[in-house]
Amino acid sequence: MREPFLHSIRRIVTQKISVKLALILGALIGVLIGSTGFVLMRVTQDILRKNVAASHREIAKQTAGEVSLFVSRPLELLTIVAQIIGRTHLEPPSQETILVEMSLRYPMFKEIFSVDSEGKERASSNPGHPVRDWSGDVSFQEAIKGNRFISPIRIGEDHLPYVRVAIPYWQAGKKAGV
């Protein structure tokens, strides 16, 4: 088995120099073509990865824009309700009527509460449930400072995303509740 291999090597060595050069050039060209192909594949993969990442970023930006359009209307509605409650000095039963109507008309609101400046719940869109103390809740604490609070997106027990929003309201120029 070794003899045919050695015989073929002897035959190559004894051939003319032009044949040797042709063989060497052929091998060199093969190596160059192979390495160029490998480099081109790596560069192409990197370019594709960057393009896919850029496309994903663009999709995320567009989606965020659409979500902000969807969220802006409910925020406007809650702001208007807070202004009505603050300006009209409504008693809790009247506030509750407004909140129930809002939750029925706009089912995107799971629950709406009116909370006084001490954090005690005054009215709810869910009549009859136990009154809660919101004074320790971060949403109340931020809103009572005069800031609109919007929580990060969370997933509820029903596996649907939700956010908690707290908007302050004033009566006679003083913060009266959330």
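## Largest pocket

With nine residues, helix α2 gives the most to the lining of the largest pocket, helices being DSSP runs of H or I with at least four residues and strands runs of E with at least two, numbered from the N terminus. This is a predicted model, in which local features need pLDDT of at least 70 and side-chain atom pairs count only at pLDDT 80 or more, while totals for chains, interfaces and linings use all residues. Residues are numbered from 1 along each chain as its sequence is written, and side-chain values use heavy atoms, with hydrogens and water left out.

The largest pocket has a volume of about 1,300 Å³. Of the 38 residues lining the largest pocket, Glu111, Tyr162, Val163, Arg164 and Val165 are the closest to its centre (lining residues have an atom within 4 Å of a point on a 1 Å grid, and a pocket is an open set of points with protein on both sides within 12 Å along at least five of seven lines, for a 1.4 Å probe).

## Nonpolar patch

Leu25, Leu28, Ile29, Leu32 and Ile33 make a nonpolar surface patch of about 490 Å² (patch residues have over 30% relative accessible area and no salt bridge, and nonpolar side chains are joined within 5 Å). Ile29, which lies in helix α2 (residues 17-88), counts as partly exposed because its relative accessibility is 47%, between the limits of under 20% for buried and over 50% for exposed.

Strands β7 (residues 169-171) and β8 (residues 174-177) run antiparallel and are joined by three bridges, where pairing requires at least two bridges found by DSSP. Gln171 has Lys174 in β8 as its bridge partner, and Ala172 in this hairpin, which has two residues between the strands, takes a positive phi near 55 degrees.

Note on methods. Patch = residues over 30% accessible without salt bridge, like charges linked within 9 Å, V, L, I, M, F, W, Y side chains within 5 Å. Areas by Shrake-Rupley, 256 points an atom, 1.4 Å probe, with all protein chains shown as cover. Salt bridge = Lys/Arg side-chain N within 4 Å of Asp/Glu carboxyl O. Buried < 20%, exposed > 50% of the residue type's maximum accessible area, 1.4 Å probe, protein only. Points joined across faces, edges and corners; volume = space filled by probe spheres on them.
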